[in-house]
Amino acid sequence: MSGKLVDKVAIVTGAAAGMGKAIAEAYAKEGAKVILADVDSNRLDQVKNDITDAGGTAIAVKADMSKEEDINAMVKAATDSYGKLDVLVNNAGIMDNFLPVGNVTDDVWTKVMAVNLTGPFMACRAAINIMNDQPNGGVIVNNASVGGLFGTRGGATYTASKHGLVGLTKNIAATYGVYGKIRANAIAPGGVATDIEKKITAPDPLGSKALQAVSGAGNELLTGQPEQIASLAVFLASDDSSFVNGDIVKADGGWTAA
């Protein structure tokens, strides 16, 4: 098989739908052996079947990114099945109903931080301790958000979690990338057509007002497709980006350029 990721072993979290599904399918198409991780085991199995039916290689692992035991089991599935881990994509994430600080409960803060930041940190830690001992090292791709670069593209907790993920990415790049064998980059998507917005059940009026102030009329024209993010994720995982390290690549159709 020819492809940019032939013989690579890659974990993709949040792989049951949206950007994670598109990334997993793109990786498999490029020749990677993909470990699919998500809390939704039914949809995850369907993604696995779609990949294998198309001639790709994938295994499905039910994993809650807020639970360290699930994260460690996910990483172990990669090494037990294929003997190595070349790529980790931290894609799983949840929203926070655009809640400003004054309305954030402890439960919301804890839950969003656990999935969006603490989980990726634990996955990076587990992966790094494998990758840095491998002859060819490894690559980490964190799916952040333009919310990790600006103040009003999400609620307080979501914004803080994505800023944290950006900082984590840069620290890994500056340490294990410069002095080790692991590159780390992040993608900062803008609006992408996924089902995550269906989970915004009760958007806070103040948070929504702040978002609308920076969105402006016509922002619906700047909605990307998951496959566009997946193409970028392939580039960042491949040798085509071998000298790209510690970068945060915006993919927002120019939303934040104005």
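This is a predicted model: local features need pLDDT of at least 70, side-chain atom pairs count only at pLDDT 80 or more; totals for chains, interfaces and linings use all residues.
Leaving aside neighbours within four places in sequence, K162 is in contact (heavy atoms within 4.5 Å) with N116, N143, A144, S145, G147 and G148. K162 is found in helix 5; helices (H or I, at least four residues) and strands (E, at least two) are DSSP runs, numbered from the N terminus. With a relative accessibility of 4%, K162 counts as buried, where buried means under 20% relative accessible area, exposed over 50% and partly exposed in between (1.4 Å probe, protein chains only).

Residues are numbered from 1 along each chain as its sequence is written, and side-chain values use heavy atoms, with hydrogens and water left out.

**Strand pairing and crossovers**

- Strand 2 (residues 33–38) and strand 3 (residues 57–62) run parallel and are joined by six bridges; two strands pair if DSSP finds at least two bridges between them.
- Within this pairing, I59 of strand 3 is the bridge partner of I35.
- A right-handed β-α-β unit is made by strand 2, helix 2 (residues 41–53) and strand 3; right-handed means that, with the strands pointing away from the viewer, the path from the first strand over the helix to the second runs clockwise.
- Strand 4, helix 4 and strand 5 also make a right-handed β-α-β unit.
- Strand 4 pairs in the parallel sense with strand 1 over three bridges, and I11 has L88 as its bridge partner in strand 4.
- Four bridges join strand 4 to strand 5 (residues 138–143), again in parallel, with N142 in strand 5 as the bridge partner of N90.
- In a regular strand the side chains alternate between the two faces of the sheet.
- In strand 4, V87 and V89 point one way and L88 and N90 the other way, and all are buried.

- Beyond its neighbours within four places in sequence, I140 is in contact with residues including L88, C124, I128, M131 and I172.

**Backbone with positive phi**

- Most residues other than glycine have a negative phi.
- D7, which is not a glycine, has a positive phi of about 70° and lies in the segment before strand 1 (9–13).
- D7 is partly exposed, with a relative accessible area of 47%.
- F98, also not a glycine, has a positive phi of about 60° and lies in the loop between strand 4 (87–90) and helix 4 (106–131).
- F98 counts as buried, at 10% relative accessibility.

**Charges over rings**

- R153 lies over the face of F150, at 4.7 Å from the ring centre; a charge sits over a ring if NZ of Lys or CZ of Arg is within 6 Å of the ring centre and within 35 degrees of the ring normal.
- R153 also lies over the face of W255, at 4.8 Å from the ring centre.
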